[in-house]
Amino acid sequence: TLRVKEPAQVRQPGRKEKSEEAKPAQTIETAKPTTLPTEEPPRPNLLAKADSLYAVAVSKYTAGELAAAKAGCEEALALYKNANSNAKIGKVQRMLATILFHQDVLSIAKQMFEEAESMLQRAGEREEMALATIGRARVFVEQKKSDEAESMLKQTVAKNPEGNAAAGMYGLLSSLAVISGKTDDGRQYLQQADRQHVRGRDAMIDMLLEIARARYDAASGKTAAEMRTELQTAVARAGDVASSLEMKYTIAELASEYLNRTAQPRFQRNPRRGAMQSGQRVEAVRSEAASKGFTLIARKTSELPLR
């Protein structure tokens with residue numbers, strides 16, 4: 001018996017075997033790209049409300065209403081923190097620190113100035129950061145740490161020697177130099193300050209330079225009456241109540257120092273009259289500062305030798 005071999009089936013192109021048709025198509029899963037967290041942009045309505053609160057707080061500070069200014073700054077700061085706005089957080093912190101400085105809460109003011117410096121540095125706000133540095137240096141001065149203040153100011157102004165904030169640093173350095181008996185250094189710092197100063201841009205800077213000039217003039221031999229006339233002119237154009245009070249205090253301080261150092265010619269026949277008039281001016285400054293909540297100036301004025 002012959003067996004006939006059946007021809008092998010030839011697979012035609014494009015045709016699938018049954019076994020292949022039964023298999024479901026395989027899905028290849030690929031790794032999903034990792035999404036990095038991004039900083040949420042500030043919400044416009046939140047910033048607008050914070051800006052409004054801060055603007056009102058600044059106007060209250062300018063008018064010498066420290067309690068209202070502080071409350072407004074605290075509200076604005078909370079909103080700015082929610083909006084992650086570093087520049088504005090630092091700016092409000094500087095204002096709050098300045099208010100605390102005037103209220104004689106020096107340790108907390110120093111800490112807040114430091115926080116403001118850090119925040120403003122991160123935001124790239126060099127001028128605002130320098131203003132916060134001046135504020136911290138002024139705290140050191142009031143804490144009887146003038147050497148630390150001088151060192152910090154010199155380091156900062158060496159990095160940023162130009163601009164209105166630099167003028168403020170030179171002005172404060174001039175005052176510190178004159179107080180320590182370095183009159184020539186005080187004159188040189190004052191000249192550098194004048195080259196950088198833009199009058200009217202910042203009331204605190206204007207005030208620091210007026211006081212530095214008055215201190216230098218006092219050390220150079222001007223009478224108390226001459227210095228008082230110059231500073232009273234500066235008081236009249238002061239940009240805010242705080243600057244006005246600080247210059248009034250300086251008038252009283254320099255007059256007090258002058259009367260203790262030498263008798264004024266017009267009071268030689270009656271030196272007690274000079275002391276009495278100086279004491280009246282001192283008391284007027286103390287009373288005004290105390291009534292407006294400027295506790296630091298009120299305390300310093302009460303400590304002057306002639307009242």
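**Salt bridges and cores**

Analyst: Glutamate 283 and arginine 286 form a salt bridge, their closest N and O atoms being 2.9 Å apart. This is a predicted model, in which local features need pLDDT of at least 70 and side-chain atom pairs pLDDT 80 or more, while totals for chains, interfaces and linings use all residues. Residues are numbered from 1 along each chain as its sequence is written, and side-chain values use heavy atoms, without hydrogens and water.

User: What is a salt bridge?

Analyst: Side chains of opposite charge can pair when their charged atoms come close. The rule asks for a side-chain nitrogen of Lys or Arg within 4 Å of a carboxyl oxygen of Asp or Glu. Glutamate 283 and arginine 286 both lie in helix α13, three residues apart, about one turn of the helix; helices are DSSP runs (H or I, at least four residues) numbered from the N terminus.

User: Is glutamate 283 buried, exposed or partly exposed?

Analyst: Glutamate 283 is partly exposed, at 28% relative accessibility. Buried means under 20% relative accessible area, exposed over 50%, and partly exposed in between (1.4 Å probe, protein chains only). Arginine 286, at 22%, is also partly exposed.

User: How many salt bridges are there by this rule?

Analyst: The count is 22. One network, joined through shared partners, links Asp194, Arg199, Glu210, Arg213 and Arg237.

User: Which residues have the most contacts inside the largest nonpolar core?

Analyst: A nonpolar core is a set of buried Ala, Val, Leu, Ile, Met, Phe, Trp, Tyr and Cys residues joined through side-chain atoms within 4.5 Å. The largest has 45 residues, and those with the most contacts inside it include Tyr54, Tyr80 and Phe294. Its largest share, eight residues, comes from α4.

Note on methods: Helices (H or I, at least four residues) and strands (E, at least two) are DSSP runs, numbered from the N terminus.
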